[in-house]
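Please read the points below alongside the coordinates.

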Amino acid sequence: MTVEVQVNGKARRVREGATLLELLAELNVPPDRVVIEQNLKIVRRDQFADACVQAGDQVELVYFVGGG
Amino acid sequence: MSSGEPVDDALVIAGHRIASRLIHGTGRFASDQVLNACLQAARPGMITLAVRRLNLDGNGRSELEGVELKRHTLLPNTAGATSADQAVRLARLARAAGLSDFIKVEVIGDPDTLLPDPEGTLRATRALVEEGFIVMPYTSDDVVQAMRLCEAGAAAVMPGAAPIGTTLGLQNLLNLELIVRKVPVPVIVDAGLGVPSEAAHCLELGAAGVLVNTAIARAQDPPLMARAFAEAVVAGRRAFLAGRAHVGLKVLSSSPVEGIPV
């Protein structure tokens, strides 16, 4: 059973009840080089393993890039 | 009078000792190798960064790939924000990375000139100071706006020399000098510098530092230019501390006027 979520503005299907840590693993994103915003709320890094993704979630995965 | 030896004269922002008066941007570099070479050549006091969505397609290497962020004092920016709310959101995301409480507030008011939005910048500054950030707003060369940002709790103010990325240099020297006189916090001249002599000039008139990005990233030899800027801020600061000689139309012979053999 999978549900649809928006990850960085793109629709994506993930396993129902998947944690953010599992989502990162699926996307090959190291957890120490990402900041996650779930439905406009920042999720602390130590919560990645507990926070679950729900259908319709808006997930933003961001980090530092070059800038002035 | 001193011995002419360098004195301990570190830049301090909100209690943090900043080892160099050059703040180094990290955007628009040809590769992460070039950026790394520049950072090693310049040894900047801080580096600026932007916050963006991760590229999840797995292609394209970030300029920051090879940069050890923990070795630097980070000054993340809110570039991309056109409102105070967006700037606050980006600032919170930057802080959640857990590497820095500094934030360069950047709220753009006009997409063509990339000049800052005065009201949005002020509102974002107030909100982020309230949340405990060390706020360093990018501002225009408007003297009173710089004063208001300072009153709002900015730890430093960052007036532009010229519009972002233009390298047009010091377009309003008088206003920069007035800002330095009027605000009690460090003034970091940001945006538009083109060559190291302009950076030295900023420091000579009392600016606490400069932020340089495009002038280094797009130089013919970026690491060499990075080093040149780092040396320019040292020279400019020493000149400021030394205090310039009189300026004016009164001529003075440098050689003795007596004892000329006739």
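The points cover the basis of the model, the chain interface, a hairpin and a helix pair.

1. This is a predicted model, in which local features need pLDDT of at least 70 and side-chain atom pairs count only at pLDDT 80 or more, while totals for chains, interfaces and linings use all residues. Residues are numbered from 1 along each chain as its sequence is written, chains are lettered from A in the order in which they are written, and side-chain values use heavy atoms, without hydrogens or water.

2. Between the chains, 22 residues of chain A are in contact with 30 residues of chain B (contact: heavy atoms within 4.5 Å). The buried area is about 2,200 Å², with 60% of it from carbon and sulfur atoms; this is the accessible area (1.4 Å probe) lost on putting the two parts together, summed over both. On the chain A side, A:Phe64, A:Val65 and A:Gly68 lose the most area to chain B, together 31% of what that side buries.

3. In chain A, strands β1 (residues 2-7) and β2 (residues 10-15) pair in the antiparallel sense over 6 bridges (strands are DSSP E runs of at least two residues; pairing needs at least two DSSP bridges). A:Val7 stands opposite A:Lys10. The hairpin has 2 residues between its strands, and A:Asn8 takes a positive phi near 50°.

4. In chain B, the axes of helices α4 (residues 143-151) and α5 (residues 173-182) come within 9 Å and cross at roughly 30° (helices are DSSP H or I runs of at least four residues; axes are lines fitted to C-alpha atoms over the stretch in contact, with angles from 0 to 180 degrees between N-to-C directions). That makes α4(B) roughly parallel to α5(B), a term for angles under 35 degrees. The contact involves B:Val143, B:Ala146 and B:Met147 of α4(B) and B:Asn175, B:Leu178, B:Ile179 and B:Lys182 of α5(B).

Conventions: Angles under 35 degrees count as roughly parallel, over 145 as roughly antiparallel, 65 to 115 as roughly perpendicular and the rest as oblique.
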